[in-house]
Amino acid sequence: MTFEIVSFVVLAVATVATAIGVIAFKNAIHSALSLILTLLFLALFYLQLQAMFIAVVQILIYAGAIMVLFLFVVTMLASDQDELALRNQIPWQRMVGGLLGLILVAALSYLLFTGAQVTGTTASHAESLKQAITTYQGDTQAFGMALFHGFLFPFEVTSLLIVVAILGALVFGRRTN
Amino acid sequence: MPLTAYLIVSAVIFTIGVIGVLIRRNPLIIFMSIELMLNAVNLSFVALSHFLDSVDGQMFVFLVLTVAAAEVVVGLALIVSIFRTRHNIDVDEMNVLRG
């Protein structure tokens, strides 16, 4: 129990610190590296919440594939853009941004502490998660069973979304001349 | 740990993403802030999935992951395309609709 609390606090502090690093670093490459750390810490959160498949997918897809794409574009474009944040800044932009952020986190926390009434309904027609994990001998099997039984249609729509994204990237990446 | 602790961490990360979108002017960092917000929501999905003892939340995380990948592909292609025509990626100077 104590170990659980300590690991949660350490993870929470590390995640929030690296997330602040993402928006605080001047250099976009440092921000991207900080974001990779945030994603890795979130994967550890998922492990703590016993979502093994999501944790592995988070590391492979997010911290791997998506961030490689990010770093590729950052190194291609932003090497000479380091001074971007200093030039021509709207004077009260940071103050107003921070104030609005404080209001948002206060409102969210207020809602979480007072209004959060969580009741469980399942759409996947599956049994409860722990039951499914023991039935299918693992988290990934339970995930796959739910994905291909209750969530088959959203899964297929996802493929359409990916095709549209590929077409969009092709159209924007094409040289017009 | 109680569910509320995870949701608070999620809310804090989401807010950091919002602040990043508000105060930064480099579109790449704005994109990273959007990724932060998506991941904050993913954390709350996984936490709710764990505490409600249902696998549905993890399904939504899977779908959010796919949408995030598609969004990054199109967004970065847009940024590269803008950089190619204007040689500058300051969001405050993107005020012309024609290319």
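Over residues 55–74 of chain A, the chain is 100% helix and 0% strand, with the end C-alpha atoms 26 Å apart. Helices here are DSSP runs of H or I with at least four residues, strands are runs of E with at least two, and both are numbered from the N terminus. The model is predicted, and local features need pLDDT of at least 70, side-chain atom pairs count only at pLDDT 80 or more, and totals for chains, interfaces and linings use all residues. Residues are numbered from 1 along each chain as its sequence is written, chains are lettered from A and ligands numbered from 1 in the order in which they are written, and side-chain values use heavy atoms, with hydrogens and water left out.

The stretch 55–74 is one of those that UniProt, in an unreviewed entry, lists as "transmembrane region" in chain A, together with residues 6–25, 32–49, 95–113 and 151–172. UniProt positions are given in the numbering used here, feature names are shortened, and annotations may be inferred rather than shown by experiment. Over residues 151–172 of chain A, the chain is 95% helix and 0% strand, and 32 Å separates the end C-alpha atoms. In total, chain A has seven helices and zero strands. Of the 177 residues in chain A, 34% are buried, where buried means under 20% relative accessible area, exposed means over 50%, and partly exposed lies in between (1.4 Å probe, protein chains only). Among contacts in chain A with a separation of 6 or more, 54% are between residues 24 or more positions apart; a contact here means heavy atoms within 4.5 Å.

One loop residue of chain A deserves a brief look. A:Q50 sits in the loop between helix 2 (28–48) and helix 3 (52–77) of chain A. Its phi is near 60°, a positive value in a residue other than glycine. With a relative accessibility of 41%, A:Q50 counts as partly exposed.

Turning to chain B, the secondary structure consists of three helices and zero strands, and the elements run α-α-α from the N terminus on. Of the 99 residues of chain B, 63% count as buried. In chain B, 58% of the contacts with a separation of 6 or more are between residues 24 or more positions apart. The unreviewed UniProt entry gives "transmembrane region" for residues 6–23, 28–48 and 60–83 of chain B. Over residues 6–23 of chain B, the chain is 100% helix and 0% strand, and the end C-alpha atoms lie 26 Å apart. Residues 60–83 of chain B are likewise 100% helix and 0% strand, with 34 Å between the end C-alpha atoms. As for the loop between helix 2 and helix 3 of chain B, it holds B:D53, whose phi is near 60°, a positive value in a residue other than glycine.

How do the two chains meet, and how many residues does each bring to the contact? Chain B contributes 72 residues and chain A 85 residues. The size of an interface is often given as the accessible area lost when the parts come together. Between chain B and chain A the buried area is about 7000 Å², with carbon and sulfur atoms giving 76%; this is the accessible area (1.4 Å probe) that two parts lose on being put together, summed over both. B:M1, B:R25 and B:M32 supply 10% of the area that chain B buries against chain A, more than any other three residues.

Helix 1 (3–23), helix 2 (27–51) and helix 3 (56–86) of chain B each supply at least two residues of the side of chain B that touches chain A. The largest share of that side, 24 residues, comes from helix 3 of chain B. By class, the side of chain B that touches chain A has 49 nonpolar, 14 polar and nine charged residues. B:V12, in helix 1 of chain B, is partly exposed, with a relative accessible area of 25%, and touches A:V16 and A:V105, not counting residues up to four places away in sequence. B:V61, in helix 3 of chain B, is buried at 1%. Leaving aside neighbours within four places in sequence, B:V61 is in contact with A:I54, B:N42, B:F45 and B:V46.

Definitions and conventions
Nonpolar A, V, L, I, M, F, W, Y, C, P; charged D, E, K, R; others polar.
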